[in-house]
Amino acid sequence: MLFADDVVLVDESRAGVNMKLELWRYTLESRGFRLSRTKTEYMMCDFSPTRHEDGDVSLEGQVVAKKDTFRYLGSMLQKDGDIDEDWWQASGVLCDKKVPQRLKGKFYRTTIRPAMLYGAECWPTKRRYVQQLSVAEMRMLRWFCGHTRRDRVRNKEIRDRVGVASIEEKLIQHRLRWFGHVQRRPPEAPVRSGVLKRDDNVKRGRGRSRLTWNETVKRDLKKWNIAKELAMDRSA
């Protein structure tokens, strides 16, 4: 994996990386740009026990520096695939008593909760999944506020301190926002046929039918008392 001026080039071999790097250099310089020789670095990922070939990654004869970690788009990438660096940096903020609780809440909202809800707009979420998310969230909020359940501090008070809304509420918002996007697409759009249409000719097994995304959205609309037709009006 090679990092050149905030661009990531990936290949399974050093020869492939060298070839892509040379192509990238030629493409840039043919248009009047210049690829930085000092900022370009590469990292060899040890995700598998496969033996890696020897040799260097070079740019016009200059050996490119090899790194074990690399910061990209705010995240720390490690050659072994671990997230220790990112976690220690995050816990350093959350555990620091000098950091205001409101600032910790903002850090949680912008970095941790988006990771927990990644792709959530497409989840047909069962109630026990929501409960598990809520428990995990409250455990973390109590932890960086310096409380445990033995302190008998109410969840609402903890949320008010850090300025964090319920993760269940955010989960529903994600799903309904995506539902609005889907509803406003033309009927022939693939996303509508794949999400909103259900094939009744498919034979299902015994027992309760599997929860679908469409049924989950209906439950959300009913819970928040929102008419389905309102999705057609984006401003509303």
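Reader: Contact means heavy atoms within 4.5 Å; with that settled, how many helices and strands are there in the protein chain?

Author: This is a predicted model, in which local features need pLDDT of at least 70 and side-chain atom pairs count only at pLDDT 80 or more, while totals for chains, interfaces and linings use all residues. Residues are numbered from 1 along each chain as its sequence is written, and side-chain values use heavy atoms, with hydrogens and water left out. Counting DSSP runs from the N terminus, with at least four residues (H or I) for a helix and at least two (E) for a strand, the protein chain has 8 helices and 8 strands.

Reader: What share of the residues in the protein chain is buried?

Author: A residue is buried under 20% relative accessible area, exposed over 50% and partly exposed in between (1.4 Å probe, protein chains only). Applied to the 236 residues of the protein chain, that cut-off gives a buried share of 30%.

Reader: Among contacts with a separation of 6 or more, what percentage is made by residues 24 or more positions apart?

Author: The count takes the contacts in the protein chain that have a separation of 6 or more, and then asks which of them join residues 24 or more positions apart. Such pairs account for 58%.

Reader: Which residues does Leu141 touch, not counting residues up to four places away in sequence?

Author: Leu141 is one of the residues with the most contacts inside the largest nonpolar core. Once residues up to four places away in sequence are set aside, the residues that Leu141 touches are Tyr108, Ile158, Arg159, Val162 and Val164.

Reader: How many residues are in the other core, which lies apart from the largest one?

Author: The members of this other core include Leu21, Tyr42, Val57 and Val64. Taken together, the residues of that core number 8.

Reader: Are helix 3 and helix 4 roughly parallel or roughly antiparallel to each other?

Author: Across this pair, Gln101, Lys104, Gly105, Tyr108, Ile112, Arg113 and Met116 in helix 3 meet Leu133, Ala136, Glu137, Met140, Leu141, Phe144 and Cys145 in helix 4. Their axes, which are lines fitted to C-alpha atoms over the stretch in contact, with angles from 0 to 180 degrees between N-to-C directions, come within 11 Å and cross at roughly 150 degrees. Angles under 35 degrees count as roughly parallel, over 145 as roughly antiparallel, 65 to 115 as roughly perpendicular and the rest as oblique, and helix 3 and helix 4 are therefore roughly antiparallel.

Reader: At what angle do helix 6 and helix 8 pack?

Author: Helix 8 covers residues 213–223, and the axes of helix 6 and helix 8 are 10 Å apart, at an angle of about 115 degrees. That makes helix 6 roughly perpendicular to helix 8. The residues that meet include Arg175 and Trp178 in helix 6 and Thr216 and Arg219 in helix 8, and the angle asked for is about 115 degrees.

Reader: Does Thr125 count as buried or exposed?

Author: Thr125 lies in the loop between helix 3 and helix 4, and beyond its neighbours within four places in sequence it is in contact with Val130, Leu171, Arg175, Leu211, Thr216 and Arg219. Because its relative accessibility is 2%, Thr125 counts as buried.

Reader: What is the relative accessible area of Ala165?

Author: Ala165 lies in the loop between helix 5 and helix 6, and, not counting residues up to four places away in sequence, it touches Arg113, Glu137, Arg159 and Lys170. From Gly105 it is 60 residues apart in sequence and 9.9 Å apart in space, C-alpha to C-alpha. Ala165 is partly exposed, because its relative accessible area is 26%.

Reader: Which residues does Ser166 touch, not counting residues up to four places away in sequence?

Author: Ser166 is also placed in the loop between helix 5 and helix 6, and at 23% relative accessibility it counts as partly exposed. With residues up to four places away in sequence left out, Ser166 touches Glu137 and Arg159.

Technical notes: Core = buried A, V, L, I, M, F, W, Y, C linked by side-chain atoms within 4.5 Å. Contact = heavy atoms within 4.5 Å.
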